[in-house]
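Open the model in your viewer and keep the selection tool at hand. This tour goes from stop to stop, saying what to pick and what is there.

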Amino acid sequence: MADLAKSVAQMIPGETAVIAGFTNEELSNKLLEMGLLPGSVVTYNFKAPLGDPICVTVSGYDLTLRLDEAAMISILN
Amino acid sequence: MKRLKVALAGKPNSGKSSLFNQLTGLNQKTGNFPGVTVDKKTGICQLNGDTQAEIIDLPGIYSLYPRSLDEKIVAEIFSDRRNQHFPNKVILVADATNLQSSLLLLTQLIDLRIPTVLVLNMVDLAAKSGQSVDVIKFAQSLDLPVVLVNARSGQGIQSLKKTLAGTIPVSSQKIYPIDKEILPAVEDIKKHFSLESNYEAYQYLQQVDHLTFLSKEEKSYINETALQYGFFKGKYQGAETIIRYQYIQDLLSKVILKNADSEWKRFSYRIDKVLTHKIWGYLIFFTILFLIFQSIFAWAQAPMDFIDSTFANLSNLLNNTFPEGPFFDLITQGIIPGIGGILIFVPQIAILFAFIAVLEETGYMSRVVFLMDKIMRKFGMSGKSVVPLISGWACAIPAIMATRTIENWKDRLITIFVTPLMSCSARLPVYAILVALIIPDDKLFGFFNFQGIALMGLYLLGFLAAILSALAMKWLVKSKDRSYLIMEMPTYRMPNWSNVGVTIVSKTKTFVFEAGKVILAISIVLWVLASYGPTEQMNAAESVIDKQIENNQQEAADRENLIMAYRLEHSYAGIIGKALEPAIAPLGYDWKIGIALITSFAAREVFVGTIATIYSVGNTEDQTTIKSRLRAEINPETGGPRFTKATGLSLLVFYTFAMQCMSTLAIVKRETNGWKWPMMQLAYMTALAYFSALIVYQVFS
């Protein structure tokens, strides 16, 4: 069974997952517009030296997110 | 000759600026959109023998739903056919290596029924990545022209011009089918405002609060209609984006013959391993910073000296050729030095922007944001505040102009507010003379020069004041918008040197004309204050000094300088300086320093020149003369030297914190759209300067 509580913020470098949805209404459209679509594959690349923000790859390009935003993106694994 | 209006739209990092530069060359101008402070870049492009295009470069956006100031402008232009900037045709620039997110805006433009050409830019990189696209099928599916371009090399530009000159029909595609339950509301609005498309009406309903072109009555009509039909803003937005992406994904699966392999990014990732490394990342960042500083100070010195002496010579030359009279004095002593005072900053600003442009072009700037974001957030700013703050060490004006990339209003406001506390280069001449005056030229452990340490301490003091003020503002300023950082990390690449060149020219032009107007106006006012005074006393200058020389109180050789000092003392500036004395006496200053505080109000570096005049040094070029003259100055109350350590330190602290720069205030007014913030900044910095200087003087005296 998919663990619904897990978010992009909890992934580890190199891990790949499928986006399930968003837990925050306000920013969800911005995240959608940037190509973070439910059902698409997200790869966690690396994090900044101080742990935040992080760099992920989605639909072929790289994005920077803060952990706050990453925590709003729930994933299936 | 036909004149078309063409808009360039696309997401950030799609190479829009390169394409704009290719199409217009240096034939471009920067202005403002009416009422807002968003840069408007327009240029003319000759498409063929009888057609010209006026091209407008719009801010980079992902979709029509705006978040930052820049983005609002684009939504406004595309949803308002009456707008003076509404284009006849649009060039939608897509990054060929990242098609999916590039096309979102395109699908919206198609639904707005605006004739659009799709430009697939960076085709060289796409080819390198192994991707191959069926362009004919692409154009057929979208029902609009598709042109392949490499905006860096100019490949494909001719065919783009040809396409633009021809007729571009509106695409027949309808991508977002408006939900049945809101169709009545949409149709009502469409009919009421006689709009071209359902989607335009839908945008009116969705963005009624953002669209400034709608009148109050029109807005209330839209809001009533929304209420009547049960239209909730925002409800359909997420679904719309998903539908659009479904369309794009279907389209791409048909037209992309071969997908890119991730191999081509491997090199970029390898660079990132070093540049965002725990230790190396910061080490390299600070090394680059250090290099920028070194070059600003080292390379700008010669051209600055040249500008300085050219204007001084010009002033002298004209002074000798013009007949005497107040009008000619205004030209030679007010206007020409005023213009010189603006142009003297051009070398530093040009060098700073050259570096910033290179860092942005290569993609390194996104990594700086990535490295610094967490630290900056602790102080109420964002990773995007780093560049403006650092630029503040050169000059606050371009630094404040560089805050526009910060989406969140509060983050941006705090950055604008604290940037002038960073010690800019105009403070350096003031620091230099005062440090040399009060700090012994000795070495600590025979190695570290005390004067050098003091100078570094002043820079550090300004920096600390900036971040601590930011921290205070973080708690004081309330904001309902949440701050976020969702930013594309571009692949590393070599800078395009012509883009760098164009950036330097356009930013420098903005500085000269925007800040220049204010600097010039204020320097003329201050010149008048310092050269005129009550007629009787001004006219008496020569006879008073001659009398003093006769009585052997003064040296005859100093006559000219003594007369100038006497005139300054009795000018309006001198009168204000004397009136100011009770207020500044607790800081350890007399009325002579008061005059310098007033004349340097427009620009700090004027302090040195005024001090030289008031102490009748004459030659301001020679720092040693000024220093020895200042050292000899006696405080009549104590009988000891006027420039004691306490007074000197107090002055240094005052200049570190005080907002002695009219042009910064003018830029802040422009960037924050009103006098509220620049006035608060002036009050805050003056108070900070006054009380810190007061404490310093009282402690050390």
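In which helix of chain B is B:Ile524 found? Select helix 22, residues 497-531 of chain B: B:Ile524 is in it. Keep in mind throughout that this is a predicted model.

**Stop 1: B:Ile524**

Stay on B:Ile524 and look around it. Is this residue buried, exposed or partly exposed? B:Ile524 has 17 other C-beta atoms within 10 Å, so it counts as partly exposed; a buried residue would need 20 or more.

B:Gly334 and B:Ile524 lie 190 residues apart in sequence. In space, their C-alpha atoms are 5.1 Å apart.

**Stop 2: helix 23**

Select residues 535-550 of chain B, which form helix 23. Draw a distance between the C-alpha atoms at its two ends: they are 24 Å apart. The helix has 16 residues, and at 1.5 Å a residue it should span 22 Å, so the two values agree.

Next, centre the view on B:Ala541. Helix 23 of chain B has a kink of about 45 degrees there. Then step just past the helix to B:Asn552. This residue takes a positive phi of about 65 degrees.

**Stop 3: B:Thr664**

Move to helix 30 of chain B, residues 662-672, and pick out B:Thr664. Is B:Thr664 buried or exposed? It has 28 C-beta neighbours inside 10 Å, so it counts as buried.

Show its contacts. Beyond its neighbours within four places in sequence, B:Thr664 is in contact with B:Ala396, B:Ile397, B:Ile400, B:Pro420 and B:Met659.

**Stop 4: the nonpolar core**

Colour B:Leu8, B:Leu92, B:Leu118, B:Val119 and B:Leu205. In the largest nonpolar core, with its 206 residues, these five touch the most other members. Now select helix 15 of chain B, residues 346-362. Helix 15 gives the most to this core, with eight residues.

Go back to B:Leu8. Leaving out neighbours within four places in sequence, its contacts include B:Leu19, B:Phe20, B:Ile55 and B:Val93. B:Lys16 and B:Asp57 are also among them.

**Stop 5: where the chains meet**

Show both chains. The contact takes 27 residues from chain A and 30 from chain B. On the side of chain B that touches chain A, the elements giving two or more residues are helix 3 (99-102), helix 11 (237-255), helix 16 (364-378) and strand 12 (486-488) of chain B. Helix 16 of chain B has the largest share, six residues. By type, this side of chain B holds 14 nonpolar, ten polar and six charged residues.

Zoom in on strand 4 of chain A, residues 61-65. Three bridges join it to strand 12 of chain B, and the two run antiparallel.

**Last stop: chain B as a whole**

Zoom out to chain B. It has 31 helices and twelve strands. Along the principal axes, its C-alpha atoms fill a box of roughly 100 × 55 × 55 Å. Chain B has 701 residues, of which 45% count as buried. Of its contacts between residues at least 6 apart in sequence, 72% join residues at least 24 apart.

Notes. Residues numbered from 1 in each chain as written. Chains lettered and ligands numbered in written order. Predicted model: local features only at pLDDT ≥ 70, side-chain atom pairs only at ≥ 80, totals over all residues. Contact = placed C-beta atoms within 7 Å. Helix = DSSP H or I, 4+ residues; strand = E, 2+ residues; numbered from the N terminus. Nonpolar A, V, L, I, M, F, W, Y, C, P; charged D, E, K, R; others polar. Pairing = 2+ DSSP bridges. Core = buried A, V, L, I, M, F, W, Y, C linked by C-beta atoms within 7 Å. Buried ≥ 20, exposed ≤ 12 C-beta atoms within 10 Å, placed from the backbone. Expected span 1.5 Å × (residues − 1). Bend = angle between axes of the 7 residues up to and from the residue.
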